[in-house]
Amino acid sequence: MNLMHLRYFCKLAEIENYTVAAAELYISQPGLSGAIISIEKELGLKLFEKSGRNIKLTKYGSEFYKYINEALRVLDKGVSVMHEYSGKLTGKIEIGAIPTIQTTFLPEVLADFKERCENIEIKVYEGHTKQIVENLQESLYDVGFCSYDVNNAELEAIPVLNQKVVAIMHKDHPLAEQTSLTFEDILKYRIYTYSMSQLIGKQFRDLLAEQKLEVNWKNIHFDYPNELLIAGILSHGSPKKDSNQTIGLIANVPYLENFNDLSIIPIEDVPENFRKVYMVYNKNKFRTHAIDLFMDFVKTNYSLEQE
């Protein structure tokens with residue numbers, strides 16, 4: 001059985017579309033079809049069946065995929081380990097990451113890893129948690145750094161970072177000189193926070209709903225995609241006539257320190273582990289030795305589960 005044909009089979013099993021799989025493999029669609037027909041003929045079984053415009057594995061294909069995926073993984077890992085011993089380990093890791101960790105945490109992780117494996121290429125793509133989770137499910141990313149949907153059985157998540165929740169406001173705000181605040185303090189004012197299309201926006205809504213306080217929901221604006229925009233609006237005093245009546249409720253991220261006209265104040269009522277960032281990966285996706293090395297490095301050096 002042709003080894004390259006088995007690699008084609010695994011790619012098609014993951015993509016479930018001949019045209020897309022052939023493009024990613026840099027071969028023609030008839031060439032891919034021929035490879036699959038050859039394997040099926042040798043096995044005497046159908047591995048794929050039509051599913052609308054796409055295809056899906058048959059029950060025999062699903063079982064065969066488990067064996068072949070693991071066999072190729074072991075083979076590739078063996079080659080990669082030998083390359084690691086000889087200093088020739090290469091590979092590519094594609095990472096999806098939320099914006100809030102791209103100024104300090106993620107650069108630190110990548111710099112430390114690069115000292116060990118300098119020949120491994122790493123590409124980072126920015127996105128929100130929902131986008132990252134979808135791309136992990138579709139095998140477009142190898143690893144994600146984001147919040148985590150605990151209802152997703154395909155994904156494994158390792159907590160790597162706690163982000164504190166803070167209130168930000170212009171320095172002419174009545175609360176700007178406080179060293180800490182409670183929800184009772186800030187709910188008297190207009191609040192700008194994350195869009196409900198993001199997981200963190202929903203988390204903040206639930207957190208506010210849990211408070212044993214009267215919440216005027218009309219005063220809370222779940223409209224914004226990120227901390228940078230909220231900070232920019234408050235920094236410019238918008239709306240100018242009542243900038244001292246507006247507070248941003250966000251995760252504390254390093255680039256907030258660039259806004260010299262804003263006060264950044266922790267919220268006492270928020271649990272320490274309320275906002276976690278995870279390293280997330282698809283348990284069912286084939287991983288190269290380079291990806292395994294990176295994940296093991298993060299687990300060993302940054303996992304909160306080690307604490």
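User: Quick one on Y302: buried or exposed?
Analyst: Y302 counts as buried, because its relative accessibility is 12%. Buried means under 20% relative accessible area, exposed means over 50%, and partly exposed falls in between (1.4 Å probe, protein chains only). Keep in mind that this is a predicted model, where local features need pLDDT of at least 70 and side-chain atom pairs count only at pLDDT 80 or more, while totals for chains, interfaces and linings use all residues. Residues are numbered from 1 along each chain as its sequence is written, and side-chain values use heavy atoms, with hydrogens and water left out.

User: Thanks! How many aromatic pairs are there?
Analyst: There are 15 aromatic pairs. The rings of Phe, Tyr and Trp (its six-membered ring) pair if their centres lie within 6.5 Å; planes under 30 degrees apart are stacked, over 60 edge-to-face, and the rest tilted. Take F105 and F145: their ring centres are 6.3 Å apart and the planes sit at 70°, so this pair is edge-to-face. F105 is in helix α5 (residues 105-116) and F145 in strand β5 (residues 143-146), so the pair ties together parts 40 residues apart in sequence. Helices (H or I, at least four residues) and strands (E, at least two) are DSSP runs, numbered from the N terminus.

User: And which geometry do F105 and Y302 have?
Analyst: F105 and Y302 are edge-to-face, with 5.6 Å centre to centre and 85° between the planes. Y302 belongs to helix α10 (residues 289-302) and F105 to helix α5, so this pair bridges parts that are 197 residues apart in sequence.

User: What's the relative accessibility of F105?
Analyst: F105 has 9% relative accessibility, so F105 counts as buried. F145 is buried as well.

User: Which residues do the ring pairs link into a cluster?
Analyst: The cluster joined by ring pairs holds F105, F113, F145, F294, F297 and Y302.

User: What makes something a cavity, and what makes it a pocket?
Analyst: On a 1 Å grid over the protein atoms alone, a cavity is a set of points where a 1.4 Å probe fits but cannot get out, while a pocket is an open set with protein on both sides within 12 Å along at least five of seven lines; lining residues have an atom within 4 Å of a point. Points are joined across faces, edges and corners, and a volume is the space filled by probe spheres set on them.

User: How much space lies in the largest pocket?
Analyst: About 790 Å³. Of its 23 lining residues, K11, E14, K285, F286 and T288 are the closest to the centre. At least two lining residues come from each of α1 (3-15), α2 (18-25), α4 (59-85) and β3 (91-97), and α1 gives the most, with seven. By type, the lining has ten nonpolar, three polar and ten charged residues.

User: And the second largest pocket, how much space is that?
Analyst: About 320 Å³. It has 13 lining residues, with A13, E14, E16, Y65 and N284 closest to its centre. Both α1 and α4 give two or more residues to this lining, and the largest share, three residues, is from α4.

Technical notes:
Ala, Val, Leu, Ile, Met, Phe, Trp, Tyr, Cys and Pro count as nonpolar, Asp, Glu, Lys and Arg as charged, and the others, Gly among them, as polar.
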